[in-house]
Amino acid sequence: QLQLVESGGGLVQPGGSLRVSCAASGFSLDYYAIGWFRQAPGKEREGVSCISPSDGSTFYADSVKGRFTISRDNAKNTVYLQMNSLKPEDTGVYYCAAIFDDRCSGHGSDQYDTWGQGTQVTVSS
């Protein structure tokens, strides 16, 4: 059984930092691309970042480039999203998702097979 569990969300002030984690079980990150998505109140779910299993290449949405960093620790079977210089518009539920592919780019959210339960990130003063 494939399972993803997000953690690390919380309340942070604008300009602050937060790191969310995505722990995988039942499969290895060696073979699955992992994407981070978020959904703000009243908004559609959007892709934030992803990382490929083959070479570790990454993708970032324009809205988070230069502020967010995705990384993985294959030994721990965990993917992280480091979020810096947070803005109120970063608020939302953050989800991680897995797809059996050696590249993470070019995939929409509807193509990911396994999803975590999400973790709430709130950026507010």
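**Disulfides and salt bridges**

Modeller: Cysteine 22 and cysteine 96 form a disulfide, with their sulfur atoms 2.1 Å apart; a disulfide here is a pair of cysteine sulfur atoms within 2.5 Å. This is a predicted model, in which local features need pLDDT of at least 70 and side-chain atom pairs count only at pLDDT 80 or more, while totals for chains, interfaces and linings use all residues. Residues are numbered from 1 along each chain as its sequence is written, and side-chain values use heavy atoms, with hydrogens and water left out.

Colleague: Which parts does the pair of cysteine 22 and cysteine 96 tie together?

Modeller: Cysteine 22 lies in strand E3 (residues 18-25) and cysteine 96 in strand E9 (residues 92-99), so the link ties together parts 74 residues apart in sequence. Strands are DSSP runs of at least two residues, labelled E and numbered from the N terminus.

Colleague: Is cysteine 22 buried or exposed?

Modeller: Cysteine 22 is buried, at a relative accessible area of 1%, and cysteine 96 is buried at 0%. Buried means under 20% relative accessible area, exposed over 50% and partly exposed in between, with a 1.4 Å probe and protein chains only.

Colleague: How many disulfides does a search of the whole structure find?

Modeller: The search finds two. Cysteine 50 and cysteine 104 also form a disulfide, their sulfur atoms being 2.2 Å apart. The torsion about the S-S bond of cysteine 50 and cysteine 104 is 65°, and the link is right-handed. Cysteine 50 belongs to strand E5 (residues 46-51) and cysteine 104 to the loop between E9 and strand E10 (114-115), so parts 54 residues apart in sequence are tied together.

Colleague: Turning to charges, how many salt bridges are there?

Modeller: The count comes to four, a salt bridge being a side-chain nitrogen of Lys or Arg within 4 Å of a carboxyl oxygen of Asp or Glu. One of them joins arginine 38 and aspartate 90, at 2.9 Å from N to O. Both arginine 38 and aspartate 90 are buried.

Colleague: What else does aspartate 90 meet in a salt bridge?

Modeller: Aspartate 90 also meets arginine 67, at 2.8 Å from N to O. Salt bridges that share partners join Arg38, Glu46, Arg67 and Asp90 into one network.

Colleague: And what does aspartate 62 form a salt bridge with?

Modeller: Its partner is lysine 65, the closest N and O atoms being 3.2 Å apart. Aspartate 62 is exposed, with a relative accessible area of 65%.

Note on methods
Helices (H or I, at least four residues) and strands (E, at least two) are DSSP runs, numbered from the N terminus.
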